[in-house]
Structure formats: structure tokens, C-alpha cells
Amino acid sequence: MRHAAALLVFASLAVAQQAAYKPPDDIAFHRADIYSEGTRMSAEVFAPASAAGKKLPTILMAHGWGGTAAVLRRDAVVFARHGYLVVTFDYRGWGDSDSRLVLTGKAPKDRPGNRFTAEVQEVREVVDPLDMAADWLNAVHWLQGEPQCDTERIGLWGSSFSGGLVVYVAERDPRIRAIHSQVGAMDGRTLAAGPALAKTYEDATRRARGEIGYPAPGAKVVGNLRGAPIPERFLDYTPVDEVNRAKCPMQFVIAEKEELFENKDHAIKAYNNYRGPKNLVTIPKITHYGIYYEAWGQASELALAWFDKYLKQ
């Protein structure tokens with residue numbers, strides 16, 4: 001019930017916030033477009049109003065499974081008030097972002113200038129960790145051209161599903177200087193392997209042969225989580241095993257009573273494996289979604305202290 005209630009709250013909050021957002025008077029705010037693999041992603045940019053024209057340490061944020069960037073505004077404002085440029089974004093196919101498109105039939109043979117008119121289908125509100133990781137990496141590329149971004153001081157903030165994605169991105173982009181990962185899931189094999197492996201391969205074969213397409217937008221296949229996964233894509237998503245490819249300080253915050261997965265197979269394993277600067281904090285008595293409710297203030301302070309230590313000093 002707690003899980004379902006949390007999703008309802010997030011959905012209602014996102015709808016309300018998407019309509020019209022007015023930032024606090026002390027926060028400079030604008031919207032931006034980031035292009036990932038040719039598709040436009042919607043981004044929101046926050047900064048202290050008093051720092052106009054100044055280079056700032058930067059925090060990049062994105063939501064977890066089934067969320068949208070609108071629910072990150074509370075966190076973004078906190079970071080901006082402490083002197084950060086903050087950028088949040090919606091993955092392709094989520095929130096205000098455009099979707100990847102696939103042809104519903106064969107392309108015509110006559111394609112002058114590689115352009116043609118066709119019927120297409122959106123790939124919308126599905127969960128593909130490798131596509132989402134590409135969106136993160138392209139968002140980092142976009143930051144390099146943002147005038148207020150101090151490109152030598154970029155940090156990543158991720159929560160739940162994106163708590164694993166920030167680890168994956170830090171493993172692949174040496175420009176990342178620090179990450180904060182909270183209640184993060186970091187091994188896709190726990191969803192697609194084991195007893196589910198045979199079905200995963202069967203569906204992957206059928207998809208590759210054109211017998212099945214992508215799930216319906218927002219389908220609920222994993223509990224009450226919005227957005228069906230592409231299971232075969234989870235088999236190659238193992239940031240927990242590649243953690244030592246990263247070269248930046250990592251902070252992991254976990255819920256003592258995590259109910260969606262085993263901490264020992266995700267953040268604790270990543271923390272134990274990592275040989276670089278690291279910190280592990282267990283917040284007592286909370287379940288997964290407690291990080292957004294009773295423990296939100298503590299989690300926010302932990303993230304801020306971590307970024308202050310490694311992006312400001």
C-alpha cells in the first residue's frame with residue numbers, strides 16, 4: 001500500500017508541476033532542450049539568482065523508474081540555493097521529452113536526401129537502462145556547452161533506478177567528479193536473469209524477428225511501477241560489477257528496511273568493491289520510499305555535504 005500510495009503522490013505532483021512552475025524569487029530558472037541520439041529531451045536549469053554570469057559547480061539529476069523531472073524541483077532548489085548550477089531532465093519517452101520513433105512498416109526504396117514520409121510509432125514510457133544511460137551521457141556532453149557550468153566540477157545525483165545509472169555513467173565518463181546515489185538498484189540481472197532468463201531470451205528473439213514490438217506506454221509489469229522493462233537490455237546493465245572503472249568519490253545512501261531488492265547485492269556490494277573515495281550511509285527504520293518522505297531532509301543534507309566536499313573544496 002505504501003508503494004502504491006507513493007506512486008500516486010508522485011504522479012499527482014508531476015501533473016500539477018508540469019502545468020505551470022514558478023521558481024522561488026532567489027532562483028534563476030529556465031527550460032532547455034538536450035538532444036540524445038537525435039531525440040529532444042526536456043531539461044530544467046536552476047541556479048542562484050545572485051550568481052548570474054558566474055561559473056558554478058554543477059549537479060546533474062534525473063528521476064528513477066516511472067518518474068519525471070518535475071518531482072525533482074524540490075531537490076534542485078535546495079542545491080541551487082547552496083551555490084550550484086542544477087540541471088534535471090526527462091529521459092527520452094518520458095515527461096516532456098520527445099520519444100524515439102520506429103517505423104511501422106518498411107522504408108520506401110526512393111529516399112532522396114535520406115528523407116521520406118512514413119508512419120511511425122513512439123517508444124514511450126518503457127524502461128531500458130542502456131538507453132537511459134545514453135541519455136545521461138548525452139546530458140553530460142550538453143553540460144560542457146552550458147555557460148554557467150564549471151566543467152571541472154560536475155556531480156551526478158541519482159535515486160532508486162537512477163541511483164544505479166549515475167554509477168554506470170561515472171564508470172564511463174572521467175569528467176564526473178562526484179556522485180550521490182540513494183536507494184540505488186545496480187544490477188539488472190536481478191530482474192532479467194535467474195528463473196526469468198528463458199522468457200527474457202524468448203522475448204528478445206521474438207523482438208529481433210519483428211514478431212513483437214515494444215510494450216504499451218506506461219504499462220505496469222513490475223509491481224505498481226509505471227513503465228514496462230525491456231528485459232534483455234537489463235542483462236548487460238551491471239554497474240555493480242564495473243564500479244572500479246570510475247575515478248570519482250561515490251556516496252551510497254540506503255534504506256535499512258529496503259523492500260524492493262537486497263542492499264547487499266546492490267549498493268553494499270558496489271561500496272565494498274570500490275577502491276576509490278567512498279561513503280556508505282544506512283538510514284535506519286525506513287523502507288525504499290521513505291527516502292522521499294520522512295528521510296528526505298537527511299538524504300538532502302547528505303548529498304549536499306558530499307558535493308560540497310568534492311565539488312567546492
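A residue is termed buried when its relative accessible area is under 20%, exposed when over 50%, and partly exposed in between (1.4 Å probe, protein chains only). The model is predicted, so that local features need pLDDT of at least 70 and side-chain atom pairs count only at pLDDT 80 or more, whereas totals for chains, interfaces and linings use all residues. Residues are numbered from 1 along each chain as its sequence is written, and side-chain values use heavy atoms, without hydrogens and water.

Cys-149 is buried, with a relative accessible area of 1%. Cys-248 likewise counts as buried, at 1% relative accessibility. A disulfide is defined here as a pair of cysteine sulfur atoms within 2.5 Å, and by this rule the count is 0 disulfides. The sulfur of Cys-149 lies 15 Å from the closest cysteine sulfur, that of Cys-248, which is too far for a bond.

Helices were taken as DSSP runs (H or I, at least four residues), numbered from the N terminus. The axes of helix 3 (residues 129–143) and helix 4 (residues 161–170) come within 10 Å and cross at roughly 60°; axes are lines fitted to C-alpha atoms over the stretch in contact, with angles from 0 to 180 degrees between N-to-C directions. Helix 3 is therefore oblique to helix 4, a class left after angles under 35 degrees (roughly parallel), over 145 (roughly antiparallel) and 65 to 115 (roughly perpendicular).

Contact between the two helices (heavy atoms within 4.5 Å) involves residues including Trp-136 and Leu-137 in helix 3, and Phe-161 and Tyr-168 in helix 4.
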